[in-house]
Amino acid sequence: MYVLLKIMARQYVLAALLYMLATNPAAAEAKRVALVIGNTAYDHARPLPNARPDAKAMAVAFEAIGFAVTPAFDLDYAGMREAIRAFGRAAGQAEMAVVYFAGHGLETRGRNWLVPTSAELKQAAELEYEAVSLDSIVQAVKGAQRLRLIILDACRNDPLGASDGDATRSGGTRGLAIIEPAGDILIAYSAKHGTVAEDGPPGGHSPFASAMMAHLATPGLDVRILMGRVRDTVVKATNKRQEPFTYGSIGGETLPLVDPPKGAAVATSDTTNAITPDELAWMRSVASNRLDDYRGYLAQFPDGKFASEARAKIDRLAALLARWIGLSASRSRKLLEAFVVDAENTEFSRLAKQRLSDVALGEKTAWEKAEDEKRTAIYEQFLIDWPDGYLSDNARERLAELADIRAKWDKLKGSDNQADLEAFVRLYGWSDYGAAAAERLVALRRENKTPSDDLTKVLSAAEMTKALDGARLMFTGSGASISFSSAGKPAYRTALGNDFL
């Protein structure tokens with residue numbers, strides 16, 4: 001069930017992404033377009049907790065400076081390829097095209113690859129079928145008229161885990177390989193070729209994403225100076241452990257991502273004033289969309305430009321927090337699913353989705369136990385524990401079936417007719433009522449000393465030991481072999497004692 005839910009979720013994300021690109025004329029016709037991808041939940045590699053939050057924050061930041069943004073998160077191989085292909089069509093009509101990717105990336109034999117969440121990457125030869133090449137993203141942005149920019153926060157440490165190492169990558173190195181893009185394209189790495197980037201503190205942002213947010217909205221700042229400021233900020237923040245690097249050439253035209261105020265000179269040096277502290281703090285708060293960050297903004301700027309909006313955000317997130325406290329231990333699928341919808345793009349969304357996954361897994365385990373036992377009491381307890389679960393209807397169907405069997409057994413349980421009892425055991429021997437019928441049949445055969453060689457014959461433990469010399473008893477019926485042993489017996493068989501195995 002968990003795997004099925006995960007597949008369904010991925011299909012939903014891909015369908016929503018394609019719908020967004022196909023039905024949003026603004027994204028398709030905008031002069032400035034951006035595709036922002038954040039991959040956190042990897043199936044076969046170390047998860048990157050901050051990649052998705054980084055991408056969400058960057059999506060907000062690019063939208064704030066006038067880009068038509070297509071955000072996409074936790075994409076598998078098919079999802080990434082479709083997203084890039086669709087974005088390529090939008091970029092072909094745009095003045096500026098930007099791709100931002102946060103997630104795992106690797107280099108092997110001089111080629112750079114971005115890793116979807118579904119990739120296993122057991123051999124370098126499989127990269128072509130499981131990962132997305134940087135070349136394909138270069139092709140996607142080529143159609144833009146003025147600026148073609150690719151930003152990769154994808155140099156994060158060892159996407160395949162320490163146990164795999166370079167042997168798995170078959171000649172790969174740490175980080176990404178040096179690149180010399182042609183055609184007026186800039187490619188910015190969060191860490192220089194051959195090195196790796198830091199992921200940042202839990203619940204925060206990577207040093208690179210934080211630096212991007214700090215400088216991205218500076219009016220009139222040429223993109224090359226922008227990336228230089230980002231480099232300086234990251235180098236300082238990491239004590240020189242990480243150095244971003246930008247590759248490519250875009251000629252002599254000055255290209256700011258944010259137009260300067262009318263009448264102001266375009267920045268060609270590092271002297272341009274940044275946005276106000278109030279605006280910067282608000283942008284960071286919106287990017288994180290966390291209750292504590294909005295409270296922090298309001299504490300710092302109680303009469304600030306965005307104070308009223310901050311109060312509204314605080315009220316909404318505080319209400320969500322109160323709901324989450326009540327739901328954090330809940331098993332109700334319907335309540336959790338409703339909360340996930342209401343809490344989307346907040347700090348509680350991930351927690352609620354994880355709880356929903358845990359609930360689905362717990363329900364699956366309980367259902368497997370119920371199916372193993374096939375007892376009325378177990379199914380009744382299942383419905384108490386999972387009243388609106390994914391499998392609750394199955395449990396109700398089982399109870400209805402068992403109720404019908406019980407009604408038949410109530411009519412038969414006082415009978416001495418061995419043929420009727422044998423027929424009941426053949427049909428319903430899997431149930432606790434079938435076990436009761438078998439017990440009744442044993443008692444009658446012993447009482448009447450009735451010999452029987454048919455498939456419903458039930459031996460005592462002593463008879464089985466004597467007949468099979470202690471070996472495991474095998475019955476063959478309906479084309480299948482059934483093996484009973486003293487280990488792993490269902491509870492109702494154990495309750496019958498040694499007279500029934």
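**Note on strand pairing and helix packing**

1. In this predicted model, strand β4 (residues 105-108) pairs with strand β5 (residues 111-114) through four bridges, and the pairing is antiparallel. Across this pair, L106 lies opposite W113 of β5.

2. The two strands β4 and β5 make up a hairpin in which two residues separate them. In the turn, R109 has a positive phi of about 55 degrees.

3. Strand β5 also pairs with strand β6 (residues 132-133); here the sense is antiparallel and there are two bridges. L114 is placed opposite V132 of β6.

4. Helix α8 covers residues 207-215, and eight of its nine residues are buried, so the helix is largely enclosed by the rest of the structure. The buried residues are P207, F208, A209, A211, M212, M213, A214 and H215.

5. Helix α16 (residues 392-412) packs against helix α18 (residues 432-448) with an angle of about 25 degrees and a separation of 9 Å between the axes. Angles under 35 degrees count as roughly parallel, and α16 and α18 are therefore described as roughly parallel to each other.

6. On the α16 side, the contact with α18 is formed by L402, I405, R406 and W409. The α18 side contributes D432, Y433, A436, A437 and R440. Sorted by class, the residues in this contact are six nonpolar and three charged, with no polar residues. As a general point, an α-helix has 3.6 residues a turn, so residues three or four places apart point the same way.

Methods:
Residues are numbered from 1 along each chain as its sequence is written. This is a predicted model: local features need pLDDT of at least 70, side-chain atom pairs count only at pLDDT 80 or more; totals for chains, interfaces and linings use all residues. Side-chain values use heavy atoms; hydrogens and water are left out. Two strands pair if DSSP finds at least two bridges between them. Buried means under 20% relative accessible area, exposed over 50%, partly exposed in between (1.4 Å probe, protein chains only). Axes are lines fitted to C-alpha atoms, for helices over the stretch in contact, and angles run from 0 to 180 degrees between N-to-C directions. Angles under 35 degrees count as roughly parallel, over 145 as roughly antiparallel, 65 to 115 as roughly perpendicular and the rest as oblique. Contact means heavy atoms within 4.5 Å. Ala, Val, Leu, Ile, Met, Phe, Trp, Tyr, Cys and Pro count as nonpolar, Asp, Glu, Lys and Arg as charged, and the others, Gly among them, as polar.
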